[in-house]
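Work through the exercises below with the model open beside the text. Each task is followed by a solution in steps.

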Amino acid sequence: MRLVFIGDIVGSVGRKAMKLNMSRIKQTYRPDIIIANAENAAAGRGITKQIAHDLFEMGVHGITMGNHTWDNKDIFTFIDDEPRMVRPANFPEGTPGRGMTTIKANGKELVIINLQGRTFLPPLDCPFVKADELVQQSRKHKFVLVDFHAEATSEKIAMGWHLDGRVSAVVGTHTHVQSNDERILPQGTGYVTDVGMVGPRDGILGMEREAVLRKFKTQLPVRFVVDEGKWHFHGVFFDLDEATGRCKQVKLIRRDEDQVIME
């Protein structure tokens, strides 16, 4: 299976970058399945039904979320009815939506699991315990992808080692900065600490620079707004073994409005 995972889509600039890049991504990597994190797709905060529809129309097969899942109230109108979307599985019992689903496309099946870290983020249920539970439930499936939406690098790396050999790939999301540590772990799990983001290149993690700088310099309350301007596009490509589900190749995707990098 050829799998592309796209990093956190941020605001209208991120959605524009998706429209401009999806055709090239499909031509270059010939993915069977494309998954994207879209918890920042609606003005940097959450997602709407229309945006989810637009992403599916572009060719995204499944959507993962994170700590901003509930920031746009529109999500409550459709998340229970959208089997192609997952939110962190370690949210409290009774939370709308699902934390794991099976994506079927181009004759392939991929289980996607979404988890959220607890270090420097709200104290949800233990993601490691929940990972064990869901991986056990998905044991009959050959291909399993885990999106671990977490702040701490150490927590993400720990999850990679925790799941090595039990899932096809573990990707980190949330910090919006692509890490240069893509690898195949010893037992065959593809891994990267953070996939990066799709959105404004010249902001600070996608937000307008001046507001973020004001916050750091004054510690006063400020309103963060998604930046405009040029985009960059981050993702990761996995080539997964058809017989074992293990990762054979992992390659970062990094595109820029001014130039194409690492293609």
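**Exercise 1.** Which residues does Ile 63 touch, not counting residues up to four places away in sequence?

Solution. The model is a predicted one. Contact here means heavy atoms within 4.5 Å. With that cut-off, Ile 63 touches Ala 36, Ala 38, Ile 47, Ala 52, Leu 55, Phe 56, Arg 84, Met 85, Val 86 and Ile 112.

**Exercise 2.** Find the buried residues of helix α3 (residues 127–137) and explain why they lie on the same side.

Solution. First list them: Pro 127, Lys 130, Ala 131, Leu 134 and Val 135 are buried. Because they cover an arc of only 130° around the axis, they lie on the same side of α3. An α-helix has 3.6 residues a turn, so residues three or four places apart point the same way. Finally, look at what covers them: this includes β6, β7, β8 and α4.

**Exercise 3.** Give the strand order of the open sheet of 6 strands, and say which helix touches β6, β7 and β8.

Solution. The order is β6-β7-β8-β9-β11-β10, with mixed pairing. At the edges are β6 and β10, each pairing on one side only. The helix packing on β6, β7 and β8 is α3, whose direction makes about 165° with that of β7.

Methods:
Residues numbered from 1 in each chain as written. Predicted model: local features only at pLDDT ≥ 70, side-chain atom pairs only at ≥ 80, totals over all residues. Heavy atoms only, no water. Buried < 20%, exposed > 50% of the residue type's maximum accessible area, 1.4 Å probe, protein only. Helix = DSSP H or I, 4+ residues; strand = E, 2+ residues; numbered from the N terminus. Arc of directions from axis to C-beta. Pairing = 2+ DSSP bridges. Axes fitted to C-alpha atoms, helices over the stretch in contact; angles between N-to-C directions.
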